[in-house]
Amino acid sequence: MLRRKFFYNQSFEIYGGVAGFYDLGPLGSAVKVNVESLWRQHFIMEDDMLELTCTNMTLGEVLKTSGHVDKFADFMVKDTKNG
């Protein structure tokens, strides 16, 4: 129902999509704004914290330095037919 009502959709879906990336429609955007507003009200206004905005993408070097690469093991699957 959420996809049918366009709360969200996979990014670049008409080109096959990209795993883990989603676009929000008008209703999904409204929900996101409301959640962020509540979060800001609680943490920024009431707890007197500072807010900052950072990129969502991280360089491999940063993950290596932080220990994420050496300490976490994710299973990888390779499609033998399509590579």
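Is Phe 43 buried, partly exposed or exposed? At 29% relative accessibility, Phe 43 counts as partly exposed, a class that sits between buried (under 20% relative accessible area) and exposed (over 50%), with a 1.4 Å probe and protein chains only. The legends below start with the whole model and then go through the close-ups.

**Overview. The whole chain, with the predictor's confidence.** This is a predicted model, in which local features need pLDDT of at least 70 and side-chain atom pairs count only at pLDDT 80 or more, while totals for chains, interfaces and linings use all residues. Residues are numbered from 1 along each chain as its sequence is written, and side-chain values use heavy atoms, with hydrogens and water left out. Here pLDDT is the predictor's confidence in each residue, on a scale from 0 to 100. The protein averages a pLDDT of 87, with 99% of its residues at 70 or more. Going by elements, β2 has the highest mean, 94, and helix α3 (residues 68–71) the lowest, 86. Helices (H or I, at least four residues) and strands (E, at least two) are DSSP runs, numbered from the N terminus.

**Close-up A. Two aromatic pairs, starting with Tyr 8 and Tyr 22.** The structure holds two aromatic pairs. Rings of Phe, Tyr and Trp (its six-membered ring) pair up if their centres lie within 6.5 Å; planes under 30 degrees apart count as stacked, over 60 as edge-to-face, and the rest as tilted. Tyr 8 and Tyr 22 make an edge-to-face pair, 5.7 Å from centre to centre with 70 degrees between the planes. Tyr 8 belongs to strand β1 and Tyr 22 to strand β2, so this pair ties together parts that are 14 residues apart in sequence. Tyr 8 itself is partly exposed, at a relative accessible area of 29%. In the other pair, the ring centres of Trp 39 and Phe 43 are 5.2 Å apart and the planes meet at 40 degrees, so this one is tilted. Both Trp 39 and Phe 43 sit in helix α1 (residues 26–46), four residues apart, or about one turn of the helix. Trp 39 is partly exposed too, at 46% relative accessibility.

Close-up B. Glu 36 takes part in one with Lys 32 (3.1 Å, N to O) and in another with Arg 40 (4.0 Å, N to O). Glu 36 and Lys 32 are both in helix α1, four residues apart, about one turn of the helix. Glu 36 and Arg 40 are likewise four residues apart in helix α1, separated by about one helical turn. Arg 40 also meets Glu 51 in a salt bridge (2.8 Å, N to O). Glu 51 lies in the loop between α1 and α2 (60–66) while Arg 40 is in helix α1, so that pair ties together parts that are eleven residues apart in sequence. Through shared partners, Lys 32, Glu 36, Arg 40 and Glu 51 end up in one network. Glu 36 is partly exposed at 29%, as are Lys 32 at 43%, Arg 40 at 34% and Glu 51 at 40%.

Close-up C. Ile 44 is found in helix α1 and is buried, with a relative accessible area of 16%. Setting aside neighbours within four places in sequence, Ile 44 is in contact (heavy atoms within 4.5 Å) with Trp 39, Met 49, Leu 50 and Glu 51. Phe 72, 28 residues from Ile 44 along the chain, has its C-alpha atom 32 Å from that of Ile 44.

**Close-up D. Ser 11 in the loop between β1 and β2.** Ser 11 sits in this loop and is buried, at a relative accessible area of 5%. Not counting residues up to four places away in sequence, Ser 11 touches Gly 17, Val 18, Phe 21, Tyr 22 and Asp 23.

**Close-up E. A nonpolar surface patch.** Phe 12, Ile 14, Tyr 15, Val 18, Phe 21 and Met 57 make a nonpolar surface patch of about 730 Å². Patches are made of residues with over 30% relative accessible area and no salt bridge, with like charges joined within 9 Å and nonpolar side chains (Val, Leu, Ile, Met, Phe, Trp, Tyr) within 5 Å. Accessible areas come from the Shrake-Rupley method with a 1.4 Å probe, and for residues only the protein chains shown count as cover. Val 18 lies in the loop between β1 (8–10) and β2 (22–24) and, at 32% relative accessibility, is partly exposed.

Conventions: A salt bridge is a side-chain nitrogen of Lys or Arg within 4 Å of a carboxyl oxygen of Asp or Glu.
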